[in-house]
Amino acid sequence: MIMWQELQPDDPGRIGPYRLRGILGSGGMGRVFLGASADGQVAAVKVIRADLATDPEFRARFRREVTVARKVSSRFTVPLIDADADSAVPWLATAYVTGPSLADAVTERGPLAVPMVLRLAAGLAEGLCAIHAAGVVHRDLKPSNVLLAHDGPRVIDFGISVAAETSPLTRTGLLVGSPGYMSPEQVEGREVGSPSDIFSLGAVLAFAATGEAPFGSGSAPTLAYRAVYRQVNLDRVPAEVRGLIQRCLTKDPGQRPTARDLMFAADAAAVPPTERWIPEPASRTLLELPDRQDPSRTVTSARLSPVSRPAPGPSGRHEHRRRRLARPLTIASMVMGLLAASTAGSRRMARTLGRLCPGR
């Protein structure tokens, strides 16, 4: 089953060289369409919100960030293949990945087995390493921004969040980041760097290993408050990966491992790339998508979860005692304001993580 919607009457039929076939989803920065070029190349085409397009500062930053994003090169990221920051409505196109999102896979089939979590950790760490090496901070790593291709995970939707985050329009309803996966420093409006992505990675891995969002469910302010004040209960996380996830979720950014640390640790035990790392039913998602304007043509495609679909969360019943931080009422008020506006491989991995995370 492919997750997409028919184009609406007011949707464009074409963006740049891409004929649009359907709607993949929408998010804080715009809508995502399934498109195909004249030579049959399939792409995910993101069209930026019209109100952001009228902001000169956003356009300038969008242009710079697109330039930087082009430099990211990793088999665990989705390459940016085209963009136009000067059109009436800015847009960008990325390669289209055949595979479900992590959010959908876990929702439909349950938590990933430990070897798959380890492979996921290795791939995402390597992808983040390439992103950070290019000077980019993702800012919105979450289960729906991770695609499960047949040969490993892919990180999507990176490199342009900073353009929106610095726009004055972010104060009028655009939230950059996803509550429940945002780092404490991002929630509090402090300086955000690569350690923030590591915190988000830990939250994503906790979700993959348990099927539950680490900070539970609830309103955006509630989830943000927990990220700042509460420690995550990782009792349900398998011991092989618990220490790694725990270190990623450390409140102090300076105490988190780097993407390179995680990549080296996880590479020691990840499922070899030549082996199937996700179950056959979860990866069997190819089907023929008809061309709306030419039914005789088909485009091989696959399922891609809507950008706006939130990752599920638990009831939030397992929570540790509140972390004592200074000025809790002040920070809580800041949070409210910000969010209202805006089998052998696993054993080897356990030993490796024991050296990386001795306190696990």
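**Entry 1: helix α4**

I began with burial in α4. Of its 20 residues, 17 are buried, so the helix is largely enclosed by the rest of the structure. I keep in mind that the model is predicted.

Next I checked the length of α4, residues 114-133. At 1.5 Å a residue, its 20 residues should span 28 Å, and the end C-alpha atoms are 28 Å apart, which agrees. The expected span takes 1.5 Å times one less than the number of residues.

**Entry 2: nonpolar cores**

Which residues have the most contacts inside the largest nonpolar core? I found L102, L112, L120, V146 and I245, in a core of 62 residues. Helix α4 gives this core its largest share, 13 residues. I also found a second, separate core of 11 residues. Among its members are L7, Y18, F33 and V45. As a reminder to myself, nonpolar side chains tend to be buried together in soluble globular proteins.

**Entry 3: aromatic pairs**

I searched the whole structure for aromatic pairs and got 4. Why does the pair F58 and F62 count as stacked? The ring centres are 5.7 Å apart and the planes stand at 25°, and planes under 30 degrees apart count as stacked.

Both residues sit in helix α2, residues 56-69. F58 and F62 are 4 residues apart, about one turn of the helix. An α-helix has 3.6 residues a turn, so residues three or four places apart point the same way. I checked burial too: F58 and F62 are both buried.

I then took up F199 and F215. This pair is also stacked, at 6.0 Å centre to centre with 15° between the planes.

F215 has 5% and counts as buried. The cut-off for buried is under 20%.

**Entry 4: whole chain**

The protein chain has 13 helices and 12 strands. It runs to 360 residues, of which 54% count as buried. The chain exposes about 15,400 Å², and carbon and sulfur atoms supply 52% of that area.

Definitions and conventions. Residues numbered from 1 in each chain as written. Predicted model: local features only at pLDDT ≥ 70, side-chain atom pairs only at ≥ 80, totals over all residues. Heavy atoms only, no water. Phe/Tyr/Trp six-rings, centres within 6.5 Å; stacked < 30°, edge-to-face > 60°. Helix = DSSP H or I, 4+ residues; strand = E, 2+ residues; numbered from the N terminus. Buried < 20%, exposed > 50% of the residue type's maximum accessible area, 1.4 Å probe, protein only. Core = buried A, V, L, I, M, F, W, Y, C linked by side-chain atoms within 4.5 Å. Areas by Shrake-Rupley, 256 points an atom, 1.4 Å probe, with all protein chains shown as cover.
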